[in-house]
Amino acid sequence: MVERVLWFWMKLFPSPSVKMKLAHQTIMRRRVVITGIGALSPNGIGADAFCAALRGGVSGVGSITRFDASEFACQVAGEVKHHQPENFLPPRELKRVGRAVPLMLAATEEALDRAGVCRDSQGAAEKQSWGVIMGSGGGTPDFTEEQYRLFFSQQLRRVSAYNVSSSTPGSLASEVSLRCGFRGPSHLISTGCTSSTDALGYAFNMIRFGLADHLLSGGADATITPGIVQGFCVMGVVTPSHNDAPETASRPFDRGRDGFVLGEGAWALVLEERQRALMRGAKILGEILGYGSTCDAFHRVRLNPDGEEPARAMQLAIEDAGVAKDEIGYVALHGTSTQLNDRTETLAAKLCFGARAREIPMSSVKSMIGHPQGASGAAGVAAALLAMNHGFLPPTINYSEADPECDLNYIPNRSIDRQADIALCNCIGFGSKNSALVIRRGEM
């Protein structure tokens, strides 16, 4: 039907620009809904536990236990604890993959279960209609570091036959596809900290433009390794000041912030074309309305302090969503707890929303989970959607002293009971990348 409508309008209006505009408007009628959420977070295993921790302002940041970090400037991180990876892969398989893989598999299982997707009863045609679009900034660096350690210590016979394949970031999406038996597209988006926001944006566009009907999307990162922690310490971007009180280390927008806290985790979301979801009786938890992405083209790791391109990414997402700025009831900020990021993101929000920026509740869940790198966007979307569906907005904890240059409503320290229907989720990454999504809570 869509193809016939497009053919008619293209014959009627031969201008290429008119053709493209009309085609876009016609295909845009496909709505993309979220029917399942899975979460493995430093402050909660499972979506329910994650949601409860957000509401209670619970920190999942602690001292690093993965390795001896006593000689590192920063000795704290947001680690996922009490996770049992052997429930998702047998021990022999676990030796062949990085930590992010079982994290993502666990989040995937939960998201599909919550969406009511029974993979055991799916036939070949159904599995061909499901695909995977994941995001990860680091892929499996723990596996890679271990393989290099074995190689350079001359333990050549212990180097894994999967050294190359499992070190490739795209293997994360492949493992999910293998586990689920999904035969549709299997892609991994790796754009730094914006990876999972971009993965959700790509999945959103694939479904709304008719290239897919059901996609598992989201992101995972597990980059708490000696090499990466030391790399961030050398860069001077992680906090060295809270090793004795780890739970206070991540403090976005606070005047005393002096660096981010590395985090890890996995957040999976089931995206479907709305009519297809309704046909199979799925409960609709939310809807993606718009996506925008820009680049500062400024520096490898630093933001342009003028904030113009992050603001434009937000603006593009809002325009794509077809909503008014006054309809945005909450903004999930990137909020890393570094001086430059928080100051620039505050400015970008002001450029985007104008005077109303001070009225909109905004917060950074990184204050509770640390910075999970490429999984940040999926974490923010999952957090916003869970909170909106439960009638509250999550806080920015560890906020004790206002910064004159960060003067918005960051929902300090305690969640608030308030119903927001539409949220903007923002992400900023290395390489001057900026991405944003606009989402709406479940069927209204």
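Student: What makes helix 15 largely enclosed by the rest of the structure?

Tutor: In this predicted model, 13 of the 14 residues of helix 15 are buried, so the helix is largely enclosed by the rest of the structure. Buried means under 20% relative accessible area, exposed over 50%, and partly exposed in between (1.4 Å probe, protein chains only). Local features need pLDDT of at least 70, and side-chain atom pairs count only at pLDDT 80 or more, whereas totals for chains, interfaces and linings use all residues. Residues are numbered from 1 along each chain as its sequence is written, and side-chain values use heavy atoms, with hydrogens and water left out.

Student: How do you know that the span of helix 15 agrees with its 14 residues?

Tutor: The expected span is 1.5 Å times one less than the number of residues. For residues 376–389 this gives 20 Å, and the end C-alpha atoms are 20 Å apart, so the two agree. Just after helix 15, glycine 391 takes a positive phi of about 75°.

Student: Which backbone atoms does the side chain of serine 367 reach?

Tutor: The backbone oxygen of serine 364 is at 2.9 Å, and the backbone nitrogen of isoleucine 397 lies 3.0 Å from a polar atom of this side chain.

Student: Why does phenylalanine 151 count as partly exposed?

Tutor: Phenylalanine 151, in helix 7 (residues 141–152), has 43% relative accessibility, and therefore counts as partly exposed.

Notes. Helix = DSSP H or I, 4+ residues; strand = E, 2+ residues; numbered from the N terminus. Polar contact = N/O pair within 3.5 Å; in protein donor to acceptor, adjacent residues only side chain to side chain.
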